[in-house]
Amino acid sequence: MADGDESSDELIHVFWHDGMLAHTNSSSYGVFDTLQDPGFLDVLEPHPENADRVRNMKSILQRGPISPYIRFHQGRAATQQELLYFHTPEYVQELIAAGKSGGKFLCSGTCLNVGSWEAALLAAGSTCKAMQHILDGHAKLAYALVRPPGHHAQPSHADGYCFLNNAGIAVHVALMSGYKRIAVIDIDVHYGNGTAEGFYERDDVLTVSLHMNHGSWGPSHPQTGQLDEVGRGKGIGFNLNIPLPNGSGDQGYEYAMEELVVPALGAFKPEMLVLVIGQDSSAFDPNGRQCITMEGYRKVAQIIRQQAELHTGGKVLVVQEGGYHLTYAAYCLHAALEGLLSLPQALLSDPIAYYPEDETFAVERVKQIKYQYNSLVQKARTSSS
């Protein structure tokens, strides 16, 4: 890995550390992320958020056709001060104690085990380093290839496989460097509730999440991801949730980007774009119910690049989240980075290719959101004044 300062707009600078592979949600096998053995299955499976998923993402960038456009950089651990940009001191101390004691069950599907705390620090620190690389003018396009993921982690507790909010901490790095308006666009299949919660009362960070309509899943995840979660106080109107029908597919996501995300960015005029990406929105992911193919990821990333050129001078930080199909998640990542590079032709063909979709439901839902969101924001502002 090299830390050279190649600043070409046609390179993506990837931040990675092997130490992130040490995290395991559990050393046992079971039924998906519960890791429970019902006693009547011959074949059990590891937790879906495991090291193999990112091994494939790393290797496809090293040896796939996109490799000439990739530069790898060594990641680093976050400092405790960096963690406190986003998280409460009490929560950070809880995680430190859990790491020292050998682990702790934090919430459903989310276990901090031996090696997990060190991996989480590396994920957060590597994301901060990727952001700083852009801030220092060494690159316009940077990608934090990190795990454990972070966008469900809230200021005071863990959630959904996430301990530290990698993107949220990095956003604070940019804010502290003098940036006044930062937009976070989250296309993981689940609501980026932790990131939204961390900036819910701020008007200098626009959080947008496109996700399947899953609602709350328990005490660790009280947010619903519905339209009425528009922000609080001066943050009203700066959290846009786009809950899409299951199976929305490539055309549904492209329509939502063009009709909802692009106008929101136009009104906000961000100085920095953060793309929070999860390949669990893909057509074949075991943890999602959407039908995005490689072409859909490529198109969404193309739109992000276009918006970056329009608003931020081309600056985009990409932060890895979910994606649990060992093969297709890596392929979809490759396609997304192709789109971010605005390459004229696809470099890698889709091994699964066509998946039938019907964008009708997504189009109708996007139309409803366009109509309802402004009314909800106005109502919230009137109620809070």
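Biologist: How many of the residues of strand 9 (residues 272-277) are buried?

Modeller: In this predicted model, strand 9, which spans residues 272-277, is mostly covered. Both of its faces are covered, with M272, V274 and V276 buried on one side and L273, L275 and I277 buried on the other. The number of buried residues in strand 9 is therefore six of six, where buried means under 20% relative accessible area.

Biologist: Which residue of strand 10 is the bridge partner of V276?

Modeller: Strand 9 pairs with strand 10 (residues 316-320) in the parallel sense, over five bridges, and these two strands together with helix 8 (residues 294-311) make a right-handed β-α-β unit. Strand 9 is also joined by five bridges to strand 6 (residues 182-186), again running parallel, and there M272 is the bridge partner of I182. In strand 10, the bridge partner of V276 is V319.

Biologist: Is helix 7 roughly parallel or roughly antiparallel to helix 10?

Modeller: Two packed helices are described by the angle between their axes and by the distance between those axes. The axes of helix 7 (residues 249-268) and helix 10 (residues 360-384) come within 9 Å and cross at roughly 20 degrees. The contact involves residues including Y255 and L260 of helix 7 and V366 and I369 of helix 10. Because angles under 35 degrees count as roughly parallel, the relation of helix 7 to helix 10 is roughly parallel.

Terms used: Residues numbered from 1 in each chain as written. Predicted model: local features only at pLDDT ≥ 70, side-chain atom pairs only at ≥ 80, totals over all residues. Heavy atoms only, no water. Buried < 20%, exposed > 50% of the residue type's maximum accessible area, 1.4 Å probe, protein only. Helix = DSSP H or I, 4+ residues; strand = E, 2+ residues; numbered from the N terminus. Pairing = 2+ DSSP bridges. Right-handed = clockwise from strand over helix to strand, strands pointing away. Axes fitted to C-alpha atoms, helices over the stretch in contact; angles between N-to-C directions. Parallel < 35°, antiparallel > 145°, perpendicular 65-115°, else oblique. Contact = heavy atoms within 4.5 Å.
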